[in-house]
Amino acid sequence: GNAGATNVVRTLGRKAGITVFFGDAFKTIFACTAARIIFAGHADVDLFALWGGFGAILGHNFPFYLKFKGGKGIAATAGILAATDWRMCVVCAIVFFTTMYTTKYVSLGSILLVIAFFIMAVLFGSAGDYTISAASLPEYYVLAGVIMVMAIWRHRANIKRLLNGTE
């Protein structure tokens with residue numbers, strides 16, 4: 001139904017899906033890294049990196065060349081995880097793969113991944129683990145929350161099917 005990696009796996013196979021996943025993740029890694037380079041030395045460099053990743057997710061979810069019908073943003077969010085914090089990346093990967101392998105639902109793993117991302121963004125941000133000024137932390141939390149809510153919203157049809165037992 002969309003151009004996301006999971007649907008590519010279903011229609012074109014695992015090799016094509018993995019290629020799409022890494023392409024989607026790397027475009028976000030590139031956006032986050034570009035923001036870090038542009039704003040190097042700034043007190044809010046990690047906030048700007050998250051904004052770069054958010055822009056990549058928006059472009060992924062709503063591409064103009066596909067009439068604004070794109071993916072659900074999970075592979076792009078994985079790019080943020082990889083570019084932001086290795087701890088966050090490892091924990092979210094464990095959450096995703098454990099959920100996917102135990103339940104067989106990629107959508108549930110994706111939803112739990114973005115929830116874990118948000119929780120860790122708040123925890124690590126509160127602990128002072130990122131280069132973000134105290135005044136900008138609320139913006140960081142809100143942006144991480146928007147990324148989470150947008151991903152969950154993009155999965156709303158999957159959520160309905162999960163609740164109805166038809167996923």
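Helices are DSSP runs (H or I, at least four residues), numbered from the N terminus. Bear in mind that this is a predicted model, where local features need pLDDT of at least 70, side-chain atom pairs count only at pLDDT 80 or more, and totals for chains, interfaces and linings use all residues. Residues are numbered from 1 along each chain as its sequence is written, and side-chain values use heavy atoms, with hydrogens and water left out.

H3 is mostly covered, with 12 of its 17 residues buried. Buried means under 20% relative accessible area, exposed means over 50%, and partly exposed is in between (1.4 Å probe, protein chains only). Among the buried residues of H3 are Val45, Leu50, Phe54, Ile57 and His60. What covers them includes helix H2 (14-38), H4, H6 and H7.

Leucine 58 also sits in H3, which runs over residues 45-61, but it counts as partly exposed because its relative accessibility is 31%.

Now for the inside. The largest nonpolar core has 32 residues, and those touching the most other members are Leu50, Ile80, Met88, Cys92, Phe117, Tyr140 and Ile147. The elements giving two or more residues to this core are H3, helix H4 (74-84), helix H5 (86-103), helix H6 (106-126) and helix H7 (137-154). H7 gives the most, with 8 residues. A nonpolar core is a set of buried Ala, Val, Leu, Ile, Met, Phe, Trp, Tyr and Cys residues joined through side-chain atoms within 4.5 Å.

Zoom in on cysteine 92: leaving aside neighbours within four places in sequence, it is in contact (heavy atoms within 4.5 Å) with Leu81, Leu113, Ala116, Phe117 and Met120. Over in helix H4 you'll find threonine 77, which is buried, with a relative accessible area of 1%. Not counting residues up to four places away in sequence, threonine 77 touches Ile57, Leu113, Val114 and Ile147.

On to the charges. Side chains of opposite charge can pair when their charged atoms come close. With a salt bridge taken as a side-chain nitrogen of Lys or Arg within 4 Å of a carboxyl oxygen of Asp or Glu, the count comes to 5. Asp85, Arg87 and Asp129 are linked in a network of these. Arginine 87 pairs with aspartate 85, their closest N and O atoms being 2.6 Å apart, and arginine 87 also meets aspartate 129 at 3.1 Å, N to O. This second pair links distant parts of the chain, with arginine 87 in helix H5 and aspartate 129 in the loop between H6 and H7, 42 residues apart. Aspartate 85 is buried at 6% relative accessible area, whereas arginine 87 is partly exposed at 27% and aspartate 129 is partly exposed at 37%.
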